[in-house]
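Below is a briefing on a two-chain model, grouped by topic. The sequence and structure come first.

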Amino acid sequence: MDAHIKKVYVPMTETGFYILLCLRQEAHGYSIVQKVQELTNGEIKLTPGTMYGSLSKMEKDGLIHFVREEDKRKIYIITDLGKEVLNLEMKRIERLYKNMTEVR
Amino acid sequence: MNRKKTVLRYFTIADWKKEEEFLAKMHRDGWKFTSLNFIGIYHFTECEPDNVVYQLDFNPDGMAHKDEYVKMFSDCGWEYLQDYVGYSYFRKPVSQMNGGDEEIFCDDESRIEMMKRVFKGRLIPLIILYVYFILAFFLTLNTPNSPVLSAFYVFVLLTYSAMFLSFGLKFYAYYKDVKNK
């Protein structure tokens with residue numbers, strides 16, 4: 001992983017994290033919005049401007065790639081690089097969580 | 001037959017927040033935005049006053065893939081209105097939002113990313129033009145008997161400088177506003 005990707009994506013935004021988490025399976029933008037709403041009991045509502053920008057940026061950076069189009073919705077899936085970034089983030093968040101519970 | 005109204009308003013490059021507020025206020029006053037033409041005239045038709053959020057995005061990538069771009073917004077309940085000099089216009093009634101003010105961006109990173117896209121898409125072409133005028137100005141200095149032309153270039157350069165200063169301040173104010181929210 002080159003330094004640029006690491007600098008931009010670790011740590012990453014909540015939006016970015018949920019996108020990668022959801023794209024371990026094929027999905028389109030709006031299904032990610034719905035999935036995240038479900039996962040967070042409606043507390044996190046991703047919005048289209050943010051989603052569109054993040055998806056195209058992640059595609060450009062090679063974290064996800066385009067699979068096919070269905071009814072004008074672009075379906076993506078995570079790439080190996082994307083998985084690497086997601087793993088780094090998961091480890092970071094696990095450490096954060098562990099430290100939080102220990103100190104509390 | 002609904003009454004119609006046209007309003008001439010000019011918003012500069014970095015004024016999209018003001019423009020959104022202007023359109024929302026018109027709707028609250030019972031004037032629904034229908035279109036904006038190339039010389040900056042806004043068209044409205046009379047409607048029931050309503051709280052509607054208007055939002056502008058600036059996304060060249062989305063413009064190049066119009067269908068899927070608009071689909072993403074309509075899936076989320078945003079009505080696509082039109083494009084104007086690189087901006088795309090959307091609206092959504094507050095009554096369709098589950099509690100509170102929804103926007104098309106949900107984090108600061110993406111708000112700032114949009115600002116950068118505006119900067120790249122609108123300001124860089126102006127900067128290139130600015131550099132051209134600077135070069136042209138210095139060329140006139142070497143040409144005898146062209147004080148009028150030199151004066152013209154000085155005028156253009158000063159106007160441009162004032163404009164850039166104003167944009168710079170607005171971008172900075174927007175940046176600070178996002179960060180402080």
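**Contact between the chains**

The contact takes in 20 residues of chain A and 23 residues of chain B; two residues count as in contact if their C-beta atoms, placed from the backbone, lie within 7 Å. This is a predicted model, in which local features need pLDDT of at least 70 and side-chain atom pairs count only at pLDDT 80 or more, while totals for chains, interfaces and linings use all residues. Residues are numbered from 1 along each chain as its sequence is written, and chains are lettered from A and ligands numbered from 1 in the order in which they are written.

- On the side of chain A that touches chain B, at least two residues each come from helix H2 (14-22), helix H3 (29-39), helix H4 (48-60) and strand S3 (73-78) of chain A. Helices (H or I, at least four residues) and strands (E, at least two) are DSSP runs, numbered from the N terminus.
- H4(A) gives the most to this side, with eight residues.
- The side of chain A that touches chain B has six nonpolar, nine polar and five charged residues. Ala, Val, Leu, Ile, Met, Phe, Trp, Tyr, Cys and Pro count as nonpolar, Asp, Glu, Lys and Arg as charged, and the others, Gly among them, as polar.

**Helix packing in chain A**

- H2(A) and H3(A) pack at about 105°, and their axes are 10 Å apart. Axes are lines fitted to C-alpha atoms, for helices over the stretch in contact, and angles run from 0 to 180 degrees between N-to-C directions.
- The two helices, H2(A) and H3(A), are therefore roughly perpendicular to each other (65 to 115 degrees).
- H2(A) contributes Tyr18(A), Ile19(A) and Cys22(A) to the contact, and H3(A) contributes Ile32(A), Lys35(A) and Val36(A).
- By class, the residues of this contact are five nonpolar, no polar and one charged.

**Hairpin in chain A**

- Strand S2 (residues 64-70) of chain A pairs with S3(A) in the antiparallel sense over six bridges; strands pair if DSSP finds at least two bridges between them.
- Arg68(A) has Ile75(A) in S3(A) as its bridge partner.
- Two residues lie between the strands of this hairpin, in which Asp71(A) takes a positive phi near 50°.

**Sheet in chain B**

- Chain B has an open sheet of three strands in the order S1-S3-S2, with antiparallel pairing.
- Strand S1 (4-8) and strand S2 (31-36) of chain B are the edge strands, each pairing on one side only.
- From one strand to the next, the twist averages 30°.
- S1(B) is joined by five bridges to strand S3 (residues 41-46) of chain B, and the two run antiparallel.
- Lys4(B) stands opposite Thr45(B) in S3(B).
- Helix H1 (residues 16-28) of chain B packs on the sheet and touches S2 and S3 of chain B; the direction of H1 makes about 135° with that of S2(B).

Definitions and conventions:
Parallel < 35°, antiparallel > 145°, perpendicular 65-115°, else oblique.
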